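My notes follow in the order in which I looked things up.

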Amino acid sequence: MIISVINQTHGQITDAAVQNAIRAINCQIADDFEPYWSMGATLRLEGKSGEGKVDLADMRGDAVLYLWDEADVAGALGYHDRTNRGIPYGFVFTDVSESLKEQWTVTLSHEALEMIADPEVNLLVQGP
């Protein structure tokens, strides 16, 4: 699986900083996640082709993960879902991360791992 990462923070976070985070998360996936879960992926930084959130032209990979500078879900650090065509997409809201003094990279890693393990957003495990 290839996850395209689109930086829509309007300069709040540089592409260089995003690329550094992507390298670290790709190592996390390869070294810590895939050996135990038998599922892997590669994140790669992509450009934005148009306006809006989910644009199929951005889909050079199998899924897309946006870094967004303004939350569209109150209080959410991020989330992932899928389009009507079943294409996984997700968001990391950097404004919420900043207000909570949480590193946006933590949410990027979290959403990336969730997209790998549950790209269809339909897995549920009953707790105790």
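This is a predicted model: local features need pLDDT of at least 70, side-chain atom pairs count only at pLDDT 80 or more; totals for chains, interfaces and linings use all residues.

**Entry 1: two helices.** On the α1 side I listed Ala17, Val18, Ala21, Ile25, Gln28, Ile29 and Phe33. On the α3 side I listed Trp104, Thr105, Leu108, Ser109, Ala112, Leu113, Ile116 and Ala117. I sorted the residues of this contact by kind and got twelve nonpolar, three polar and no charged.

I then looked up the geometry. Helix α1 covers residues 15-37 and helix α3 covers residues 104-117. They pack at an angle of about 45 degrees, and their axes are 10 Å apart. The two helices are therefore oblique to each other. I noted the crossing of α1 and α3 as right-handed.

Entry 2: I picked Ile25, which is found in helix α1. Is Ile25 buried or exposed? Its relative accessible area is 4%, so Ile25 is buried. Leaving out residues up to four places away in sequence, Ile25 touches Leu43, Thr105, Leu108, Ser109 and Ala112. I also checked Ile25 against Thr105: they are 80 residues apart along the chain, yet their C-alpha atoms are separated by 8.7 Å.

**Entry 3: the cores.** Next I asked which residues have the most contacts inside the largest nonpolar core. They are Ile3, Val18, Leu43, Leu67, Trp104, Leu108 and Ile116, in a core of 21 residues. At least two residues of this core come from each of β1 (2-8), α1, β3 (63-68) and α3. Apart from this core lies another, of nine residues, including Trp68, Tyr89, Phe91 and Phe93. I wrote a general remark beside this: in soluble globular proteins, nonpolar side chains tend to be buried together.

I followed up Leu43. With residues up to four places away in sequence not counted, Leu43 touches Ile3, Val5, Ile22, Ile25, Asn26, Ile29 and Ala112.

Entry 4: Val5 is found in strand β1. Val5 has a relative accessible area of 0%, and it is therefore buried. With neighbours within four places in sequence set aside, Val5 is in contact with Val18, Ile22, Leu43, Arg44, Leu45, Glu46, Leu65 and Leu67. From Val5 to Val18 I noted 13 residues in sequence and 8.6 Å in space, C-alpha to C-alpha.

**Entry 5: two loop residues.** I looked for positive phi values outside glycine. His10 has one, near 50 degrees. His10 sits in the loop between β1 and α1. Its relative accessibility is 69%, so His10 counts as exposed.

Ser38 is not a glycine either, and its phi is positive, at about 55 degrees. I found Ser38 in the loop between α1 and β2 (42-46). Ser38 is exposed, because its relative accessible area is 65% and the cut-off for exposed is over 50%.

**Entry 6: the whole chain.** Last, I looked up the totals. How many helices and strands does the chain have? It has three helices and five strands. Along the sequence they follow the pattern β-α-β-β-β-β-α-α. The chain has 128 residues, and 39% of them count as buried. Among contacts with a separation of 6 or more, 64% are between residues 24 or more positions apart.

Technical notes:
Residues are numbered from 1 along each chain as its sequence is written. Side-chain values use heavy atoms; hydrogens and water are left out. Axes are lines fitted to C-alpha atoms, for helices over the stretch in contact, and angles run from 0 to 180 degrees between N-to-C directions. Helices (H or I, at least four residues) and strands (E, at least two) are DSSP runs, numbered from the N terminus. Angles under 35 degrees count as roughly parallel, over 145 as roughly antiparallel, 65 to 115 as roughly perpendicular and the rest as oblique. A crossing is left-handed if the near helix is turned anticlockwise from the far one by less than a right angle, and right-handed if clockwise. Contact means heavy atoms within 4.5 Å. Ala, Val, Leu, Ile, Met, Phe, Trp, Tyr, Cys and Pro count as nonpolar, Asp, Glu, Lys and Arg as charged, and the others, Gly among them, as polar. A nonpolar core is a set of buried Ala, Val, Leu, Ile, Met, Phe, Trp, Tyr and Cys residues joined through side-chain atoms within 4.5 Å. Buried means under 20% relative accessible area, exposed over 50%, partly exposed in between (1.4 Å probe, protein chains only).
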